[in-house]
Amino acid sequence: MTQDDAGGGAPALRAERLGRRYGHLWGLRDCTLELPAGAIAALVGPNGAGKTTLLEMIIGLIEPTEGEVSVFGVTSRAQVAARLARVGYVAQDHPLYRDFSVADMFRLGRALNPSWDQGLAQARMDALGIPLKRKVKTLSGGQRAQVSLTVALAKRAPLLVLDEPVSSLDPVARLEFMREVMASVVGTGLTVIIASHVVSELERLCDWLIVLTGGRVQIAGPADDLLAAHRLLTVPRATPDAELPGLPVHRTDSDRHSTVLVRADRARLAAMRRPEWLADPVGFEQLVMAYLQRRPETAAADDDSLAVARPGPAATEVTR
Amino acid sequence: MIWVSWRQHRSQAIACLGVLAALTVYAILLGTSMRTAFSHDHLAACVARSQGSSCPDAVQAFTDEFGSAVNIAFWASLLIAPGLLGVLIGAPLIASELEYGTWRLAWSQTVPRIRWLAVKLALVTGGLVVLGAAMTAVITWYRAPMDQLTGHFQHNIYDFEGLVLTAYILCAFGFAVLAGLLVRRSIPAMIVAFIPWLVIRLVVEFLLRPHFLAPVTLRQSCAGCRGAFVGNGISAIPPATGHIGDWVFSGAQQGNQLVTYYQPADRFWTFQFIEAGLFVALTAAALGATIWLLHRRPA
């Protein structure tokens, strides 16, 4: 799928068995991913799942302990500048220099980025009604987030990485921020990765989904494919997991029935279907929640038909 | 990048100029009255004629009047001033980026962080060299009359003239930049950097400096040594060697000879180069380690 979308070029992001250890704890392990150019990916996981670790390795702020990551084919540590030039980054909590004015922030952006687009930066501030002379510390949280986003966008990098961009914002500012992201991204060919533990904001925007828990990738793939590959089955409670037509991702038992979110392709589902079962399509949020509730140690995927990161042979010995 | 460095260190630069201005005002006031008294007492002629030994009363009066102002104001309070200056500017350079999370912003731009750091360090170091040189010039100018009586080897003179003042500032700065990267917080980094700076500074001053070069031995026949007393140290005017500025360590009577060990006054610049070289080397080591660490082990 990658080659098609990227027109034969390198994928926007490729991670191969990427891992990062802090002391003897792994912040992220065995992360294998490929994101085609133009994808808008939701990176979902609870706090501490390794989202920031993954993003910081993508940008090059931290180096992997093992494996490697490339952005538009640029991998090497020696090509730091080339990699940095390809990623626009809005870090968590939108760090800006507090005693700088907005104009100063833009001047910093221009000084540190050869590809800086000052026109874009100014136009965005005009549209949002944020005066360039205002000091950063006098801006509201929502405005600060917008300035951060603008600094990242005006860098004109083909990959935009947003780390928990709305978690510190109030509901109105969240809405406005996501609207801005959507307006500046859709149709531009920009590849975007948005990390969040808030799922609802991402559904309309994202066409790719990566779920990360406990430092491991649970699923990754185009959202539509993933949704099509899962069904919510309502089965008699006595039905054992082994009789289900695929991997039971999440199971809720009630008095008589069990609701199971299974991963199974259509053909298999049809073949194994029993008349007393109810099979419903799955929603984005439902799917994400099911994977978030899985224990991180459980093997990620075992189905070849999905573009899913699968644990390699080493993974099993690591989990204990 | 130059603009970025300037913008981030602008307020520090202005504060430093303020300190320099205050020092200059103080120096002009005290220096002018010192010059007036010095020429009024014809001390220059006396020094030229007899190294001060023919006009002990005038020398005494002059040092009584100005010695305390010079000594207390500078030796006591300014011993730590270069260190404070260095750590105040050095510690936040990296630590504040780590404290406020702005490192994620600064180091994710196209300019790689090593270049970001190198340019910053170069510019701030340059600024500190200019500041140190200016402070040295001001202090040297205003102290000039006193120096004619005492030479340049006394602690409170040696430490503020020549090259070492600048080197002390740079060393504290270098330590603080490194400490900022390791400790990741500005205030603790200042303390962590200041303590070793002060220890090294005192060890060099009192243990190493007297031995930078082997002292010269002077043997005088005791007829000329006016009894057994030898001006010990560097406060006697003129010292036991009879030449202002010589740094006399000790003297002892051996038979009918007086043996004096001392560092001659004309070694001042050699000593300055040795000591400044030492502190600049420490600075370079600390800054080199910072660059290496930032390159190797990302924050």
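Modeller: Before reading helix packing, one definition is needed: a helix axis is a line fitted to C-alpha atoms over the stretch in contact, and angles run between N-to-C directions. The model here is predicted.

Biologist: At what angle do α4(A) and α6(A) pack, and how far apart are their axes?

Modeller: The angle is about 25 degrees, and the axes of α4(A) and α6 (residues 141-154) of chain A are 10 Å apart. Angles under 35 degrees count as roughly parallel, so α4(A) and α6(A) are roughly parallel to each other. Their crossing is right-handed.

Biologist: Which residues make the contact?

Modeller: From α4(A) come A:Val102, A:Met105 and A:Gly109, and from α6(A) come A:Val147, A:Val151 and A:Ala154. By class, five residues of this contact are nonpolar, one is polar and none is charged.

Biologist: How should I read the interface between the chains?

Modeller: The size of an interface is often given as the accessible area lost when the parts come together. Here we can count residues: 22 of chain A are in contact with 16 of chain B. On the chain A side, α4(A) gives the most, with five residues. That side has 17 nonpolar, one polar and four charged residues.

Biologist: In what order do the strands of the open sheet in chain A lie?

Modeller: The order of the three strands is β2-β1-β4, with antiparallel pairing. β2 (25-35) and β4 (66-71) of chain A each have a single partner strand, so one side of each has no neighbour in the sheet. β1(A) and β2(A) pair over seven bridges.

Definitions and conventions:
Residues numbered from 1 in each chain as written. Chains lettered and ligands numbered in written order. Predicted model: local features only at pLDDT ≥ 70, side-chain atom pairs only at ≥ 80, totals over all residues. Contact = placed C-beta atoms within 7 Å. Helix = DSSP H or I, 4+ residues; strand = E, 2+ residues; numbered from the N terminus. Nonpolar A, V, L, I, M, F, W, Y, C, P; charged D, E, K, R; others polar. Axes fitted to C-alpha atoms, helices over the stretch in contact; angles between N-to-C directions. Parallel < 35°, antiparallel > 145°, perpendicular 65-115°, else oblique. Left-handed = near helix turned anticlockwise from the far one by under 90°. Pairing = 2+ DSSP bridges.
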